[in-house]
Amino acid sequence: MALITKAVKGTQDILPSEVYKNQFIEQIVIDIAGKFGFKELRIPVFEHTELFQRGVGETTDVVQKEMYTFDDKGGRSITLRPEGTAGVARAFLEHGLFNEALPQKLCYVINCYRYEKPQAGRWREFQQFGVEMLGTSSPAADAEVISLANEIFAFLGIENLQLELNSIGCPECRKNYHNALREYFESKKENLCPTCLERLGKNPMRILDCKSPVCKEICEGAPAIIDYICDDCSAHFESVKKYLDVMNIDYVVNPRIVRGLDYYTRTVFEFVSTQIGAQGTVCGGGRYDGLVEELGGPHTPSLGFAMGTGRLLMLLEAQGIELPAPGACELYIAPMGENASLEAMKIVHDLRSNGISSQTDVAGRSLKAQMKYADKIGARYTMVLGDNEIEQGKANLKNMDNGEVTEVELESLAEDFMQFLIKQETEALRLSFGEDIGDVDLSALL
Ligand code: HAM
């Protein structure tokens with residue numbers, strides 16, 4: 001019985017008192033990505049299971065252990081997306097976007113689903129903002145995508161995030177690396193977990209992101225991919241670094257980053273924080289030059305990243321960064337009696353049409369209870385409306401912060417109240433910035 005009043009493990013509600021933060025982030029990431037030419041793409045929550053098996057990779061933890069997979073009533077195997085890249089690549093192919101201007105720059109804000117062990121910063125349902133740039137092999141693209149993530153963190157005022165960079169080469173140079181890894185892990189075989197033993201034959205690189213503590217320890221002594229990459233991959237990596245240097249974007253090369261998904265080639269990167277606990281990777285991404293081809297499309301070198309909104313919010317909180325809260329109710333009109341209730345409804349209707357957030361009683365409450373409610377919802381101004389006020393066509397606006405009262409005409413309330421708010425805002429700006437703020441149009445703020 002208690003189950004029905006408890007959210008499923010690893011999921012979370014975002015309450016009205018908090019949701020503005022998500023809304024703010026969702027909007028600014030899309031806006032900033034738009035400045036780089038990225039356009040939003042919306043993809044389905046579920047896809048054919050095979051897309052992730054092929055795209056993300058059979059030997060990854062995500063596919064082996066973490067997918068929410070089920071048969072639908074038509075007998076299809078369906079999976080809730082564990083990430084966005086495979087779905088974007090599928091949509092790119094399905095809609096022939098490869099025939100349009102390349103690179104295609106796409107971005108998305110999506111919920112993803114992974115059956116992982118929930119802990120701080122790790123949920124089974126989580127939101128990602130991601131970008132994908134399809135159809136370019138230039139190192140300039142790698143740097144641009146990284147600079148976009150960097151720009152978002154800078155815009156939010158986040159500090160102390162470390163950009164960690166690596167190259168995991170192309171399938172050609174990876175052959176030598178796989179041999180070196182196999183040789184190394186063969187010698188430690190008896191201590192590897194059963195999953196990693198299987199990986200040893202199929203894809204030894206995946207052992208490097210095993211979460212078992214024993215395997216993790218063994219991995220510490222494993223050869224690093226960066227020492228095995230071919231000349232072309234090495235030149236690409238050097239060039240990416242030069243582009244980052246001209247933009248003054250700091251990074252460290254971390255030869256241990258291999259990423260947990262199979263599609264990556266060449267550049268991989270993560271933005272890591274030490275301030276939000278064990279799940280410190282706020283953003284991760286890289287190149288996936290073979291994915292589109294793997295899914296049956298033309299050769300389309302591509303790259304992208306995704307950042308988790310939940311971890312981003314944890315980081316903002318850890319750094320004491322507050323996001324702008326939405327304006328509260330500007331005016332609460334408290335009617336007394338039936339006539340006044342009708343008049344109040346008419347006035348708030350006018351105010352709202354003029355873009356002013358306002359409320360009135362819709363619960364048949366006493367005046368006292370209404371004022372309590374206005375206080376609770378944080379109304380900036382209140383106005384009591386009774387038969388007297390209606391008769392005289394005038395009422396008093398009360399500033400709930402300082403108790404100041406201003407008389408207003410009911411006839412022109414919407415227009416006058418707007419002017420009144422503009423005057424207040426201008427005054428507040430004058431106090432912060434001095435006299436010389438000129439003619440500012442504040443109506444857009446309301
Ligand atoms: P990923 O590293 O698996 O990459 O996830 C990207 C980000 O999503 C992580 O850095 C983290 O912030 C967030 N995240 C992942 N799993 C969870 C979870 N269980 N709970 C909360 N947040 C989580 C990808 O998904 C790739 N598709 C990124 C990419 C795009 N690469 C190229 N293009």
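Begin by selecting N160, which in this predicted model lies in the loop between α5 (139-156) and β7 (162-167). Its backbone has a positive phi of about 60°, although N160 is not a glycine, and the residue counts as exposed because its relative accessibility is 62%, the cut-off for exposed being over 50%.

Next, select N248, found in the loop between α9 (231-246) and β8 (252-253). Here too the residue is not a glycine, yet N248 has a positive phi, of about 55°; with a relative accessibility of 67%, N248 counts as exposed.

Then turn to N191, in the loop between α6 (171-186) and α7 (194-202), which counts as partly exposed at 46% relative accessibility. If neighbours within four places in sequence are left aside, N191 is in contact with V214 and I218; from N191 to V214 the C-alpha to C-alpha distance is 7.2 Å, across a separation of 23 residues in sequence.

Finally, show the two helices that flank this loop, α6 and α7, which pack at an angle of about 145° with their axes 10 Å apart, in a crossing that is left-handed. To see the contact itself, select R182, F185 and E186 on α6 together with L200, G201 and K202 on α7; by class, the residues of this contact comprise three charged, two nonpolar and one polar.

Notes:
Residues numbered from 1 in each chain as written. Predicted model: local features only at pLDDT ≥ 70, side-chain atom pairs only at ≥ 80, totals over all residues. Heavy atoms only, no water. Helix = DSSP H or I, 4+ residues; strand = E, 2+ residues; numbered from the N terminus. Buried < 20%, exposed > 50% of the residue type's maximum accessible area, 1.4 Å probe, protein only. Contact = heavy atoms within 4.5 Å. Axes fitted to C-alpha atoms, helices over the stretch in contact; angles between N-to-C directions. Left-handed = near helix turned anticlockwise from the far one by under 90°. Nonpolar A, V, L, I, M, F, W, Y, C, P; charged D, E, K, R; others polar.
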